[in-house]
Amino acid sequence: MKKSELNFLEPRRQAQAAIAIFIYKFVVRILRAAWPILLVFLFRSNKEQSNTELLMNATVVIGGLFSLGVSVVAYFRYFFHLEEDQLVIQKGVFNRSLTKLPFERIQNLYIEQNVLHRLLGVVSLRVDSAGSSGHEVTIDALEREDAEAMRAYVLEQKQEEAQERSMDPAAPEQSAPVAQSLVLRLSFEDLLRIGVTQNHLATAGVIVGTVFGFLFTVAGAFEQDLVKTLIERWPMLQPGFWGFLILATLLFVVAFFLTLIRTVTQHYDLQFFESREGFQLKAGLFNRREAFMQKRKIQLIRWTDNPLRRLLGLFRVSIHQAISGSERAAEQISIPGCKRAQVDDVVHSSFEGSAAADFRGHSISKAYFIWYIRFMLLPAVVFGALGYLLQEPRFVLPAIAFPVLGGLYLWLYQQRFRLWLSPEYLKTSEGVLGRTITLLPVYKVQSVRIRQSFFQRRRDLASVELYTAGGSVRVPFLPLDLARALQDYVLYRVESRREDWM
Amino acid sequence: MNTLFQNAQLSIEELPRVAEVDWQGLDRAYLRVDLIGLWLFRLGVLGVFLAYTFFVEGFPPVVRWSIAGLWGFLLLLTTVLRYLGFRIKGYAVRQHDLMYRRGLLFRSVTVVPFTRIQHSEVEQGVIERQFGLSSLSVFTAGGSQSDLVIPGLKREDAERIRNFLSQKVAADEEE
């Protein structure tokens with residue numbers, strides 16, 4: 001351990017595999033930006049090139065080679081090392097840049113591996129600093145043990161710093177190596193089960209969007225109406241009941257298998273560990289991701305089921321920590337299939353005392369229904385009017401469906417929403433078909449907002465939004481005095497004690 | 001109300017109340033800044049739209065003028081709402097937090113405790129500068145949803161609050 005730590009004190013380059021990764025990144029970037037042009041170039045009917053075209057192509061090729069060269073030089077000009085209390089990175093081909101990231105600003109370090117990394121036997125190390133977006137740092141290629149040593153070193157330094165500041169006498173035993181215990185591991189069958197119970201409609205929506213986007217881009221590139229050609233070729237695509245049925249079935253089947261495949265590859269061999277300081281997650285078939293999350297940084301935990309999942313007693317659990325502005329959801333630990341007991345384990349060991357918390361339940365006002373049903377009546381009126389004007393009886397169906405189904409949804413949502421309060425914890429439970437439960441310690445809140453529409457003001461109601469550094473909770477249509485008491489209490493709790501909250 | 005949090009050390013009745021705060025209104029000139037910005041933007045969009053419809057041949061004049069009329073009507077309506085909403089807008093600095101209130105039809109009150117502020121900035125837009133006004137932006141960690149912007153402050157006031165905030169934040173970190 002000591003030896004490899006020393007390696008980082010001098011400026012050094014990345015593993016040589018980084019060259020390959022730089023080139024790969026470069027190619028991906030080019031393909032992503034210019035694929036319609038390349039496609040046209042490959043498939044165009046006229047094979048002869050005019051002089052201008054030749055010139056253009058030559059420019060593109062030379063530009064490409066030049067950028068490729070830059071990618072390689074970038075490797076040789078990228079140095080990183082650790083100083084006493086900061087990570088230092090020097091990089092840049094034309095403009096040299098020097099980034100210094102003090103350990104205290106570093107929120108977390110992630111070890112990641114995509115397919116290429118696995119082929120080359122290296123990992124990438126991503127350093128996250130919350131609050132300041134654009135200051136995220138990634139070291140593209142490192143030997144695995146180096147990356148692990150670096151992460152351990154930085155986290156250890158951070159902890160020592162924190163201890164020096166807090167002067168906690170109970171601290172010394174914490175520096176002992178931490179034992180990790182496996183909380184759960186998903187087998188292939190587990191993943192199939194989870195994949196089958198995913199929300200396939202969402203995938204179908206994404207597919208429809210992607211296909212249309214693709215058709216538009218390609219049609220633009222070929223200057224042809226591709227959709228029209230497609231419909232002319234395949235009569236089954238022609239508008240009509242059967243065409244629609246076939247398309248819908250096809251779409252569902254594709255969506256089903258895509259979700260299944262994505263679930264399995266994304267969460268392949270998912271392992272979830274717990275230690276005293278935090279949680280670790282390893283998962284992925286092609287892109288292997290490893291996330292480590294310190295317990296004290298956890299802001300809120302959310303767990304969700306849906307009707308199918310409920311039959312199997314499975315929940316999706318996501319653990320949210322402080323995220324920086326540019327963050328993607330990937331930052332958060334998310335486990336797609338947890339048993340009830342495992343959910344409780346995670347929650348109770350993250351938020352000590354939440355098991356014994358004395359929660360009191362509160363409902364939201366029925367006015368929620370009265371307010372939102374208006375927005376369901378609007379489409380009903382539009383469809384009704386159109387049906388009447390166009391003498392089209394088929395419009396009756398949506399005119400009735402909107403308020404009835406929408407109303408049912410709203411009514412169930414209002415009936416099932418619960419806000420649970422205890423002195424230290426706040427929990428909400430919401431959802432119509434499935435249920436989403438969010439739990440957060442009150443002191444993690446960093447801002448409170450009360451909203452009141454004119455409608456709510458007349459009825460002495462208010463909606464409360466509580467923001468943490470890792471996500472927010474919204475409670476609609478509470479009685480005003482409860483909303484205000486909640487706001488006052490949360491602020492009191494946050495402001496009356498100093499705690500390490502992020 | 002005591003039934004709300006059973007184990008709280010003190011009763012909710014004794015907590016400082018957000019609802020009883022004295023709101024500090026924004027500078028009078030801010031109403032003008034706000035309206036000038038609104039009119040410049042909306043009239044600009046209208047101008048582009050009209051230019052476009054005159055440029056395209058055979059654009060039905062009825063459609064053109066009814067859209068322009070609706071746009072103008074909405075502009076007047078927004079102006080009235082902004083005018084009436086101005087007196088709602090206000091901020092307050094308490095011992096431990098900063099608050100901002102806004103919204104005539106949809107009112108919101110946002111409170112950010114000093115201990116949760118990452119950093120703060122004083123900004124000045126082009127129109128604001130003509131009136132000697134500034135905005136104070138307060139940033140928290142995580143997403144931008146919980147960030148707070150208080151517009152329409154006199155430059156000195158904005159600076160003073162900002163300095164006060166950074167002193168508070170620094171003092172917190174030392175302890």
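Which side chains meet Glu20(B) or Arg17(B) in a salt bridge, and at what N to O distance? I looked this up and found that the two side chains meet each other, at 3.4 Å from N to O. I counted as a salt bridge a side-chain nitrogen of Lys or Arg within 4 Å of a carboxyl oxygen of Asp or Glu.

**Ground rules**

I am working from a predicted model, in which local features need pLDDT of at least 70, side-chain atom pairs count only at pLDDT 80 or more, and totals for chains, interfaces and linings use all residues. Residues are numbered from 1 along each chain as its sequence is written, chains are lettered from A and ligands numbered from 1 in the order in which they are written, and side-chain values use heavy atoms, with hydrogens and water left out.

**Salt bridges**

I noted the exposure of the opening pair. Glu20(B) is exposed, with a relative accessible area of 57%, and Arg17(B) is partly exposed, at 33%. The terms are set by relative accessible area: buried is under 20%, exposed is over 50%, and partly exposed lies in between (1.4 Å probe, protein chains only). I then looked at shared partners, and found Arg144(A), Glu148(A) and Glu290(A) joined into one network by salt bridges.

Over all chains, the structure holds 22 salt bridges. One of them links Glu274(A) to Lys295(A), with the closest N and O atoms 2.9 Å apart. Glu274(A) lies in strand β8 (residues 271–274) of chain A and Lys295(A) in the loop between β10 (288–294) and β11 (298–305) of chain A, so this pair ties together parts that are 21 residues apart in sequence. Strands here are DSSP runs of E, at least two residues, and helices are runs of H or I, at least four residues, numbered from the N terminus. I recorded Lys295(A) as buried, because its relative accessibility is 12%.

I also looked up Glu424(A) and Arg497(A), whose side chains meet in a salt bridge at 3.9 Å, N to O. Glu424(A) is in the loop between β15 (418–421) and β16 (425–430) of chain A, and Arg497(A) is in the segment after α15 (480–496) of chain A, so the pair ties together parts 73 residues apart in sequence. Both ends are partly exposed: Glu424(A) has 29% relative accessibility, and Arg497(A) has 38%.

**Sheet in chain B**

I traced an open sheet of 3 strands in chain B, with the order β5-β6-β7 and antiparallel pairing. β5 and β7 (148–154) stand at the edges with a single partner strand each, so one side of each has no neighbour in the sheet. From one strand to the next, the twist averages 20°. Strands count as paired if DSSP finds at least two bridges between them. β5(B) is joined to β6 (residues 133–140) of chain B by 6 bridges, and Ile117(B) has Thr140(B) in β6(B) as its bridge partner.

Apart from neighbours within four places in sequence, Glu121(B) is in contact (heavy atoms within 4.5 Å) with Ser135(B), Leu136(B), Ser137(B), Phe139(B) and Arg162(B). Between Glu121(B) and Ser137(B) I noted 16 residues in sequence and 5.2 Å in space, C-alpha to C-alpha.

**Sheet in chain A**

Chain A has an open sheet of 3 strands with the order β1-β2-β3, paired antiparallel. Its edge strands are β1 (79–82) and β3 (97–102), each pairing on one side only. I found 6 bridges between β2 (residues 86–91) and β3(A), with Lys100(A) in β3(A) as the bridge partner of Val88(A).

**Helices in chain A**

How do α12(A) and α13(A) pack, by angle and axis distance? I read an angle of about 170°, with the axes 8 Å apart, for α12 (residues 367–390) and α13 (residues 396–416) of chain A. Axes are lines fitted to C-alpha atoms, for helices over the stretch in contact, and angles run from 0 to 180 degrees between N-to-C directions. The two helices are therefore roughly antiparallel; angles over 145 degrees count as such, under 35 as roughly parallel, 65 to 115 as roughly perpendicular, and the rest as oblique.

Last, I checked Thr259(A), in helix α9 (residues 241–267) of chain A. Thr259(A) is buried, with a relative accessible area of 1%. Leaving aside neighbours within four places in sequence, its contacts are Gln198(A), His200(A) and Thr203(A).
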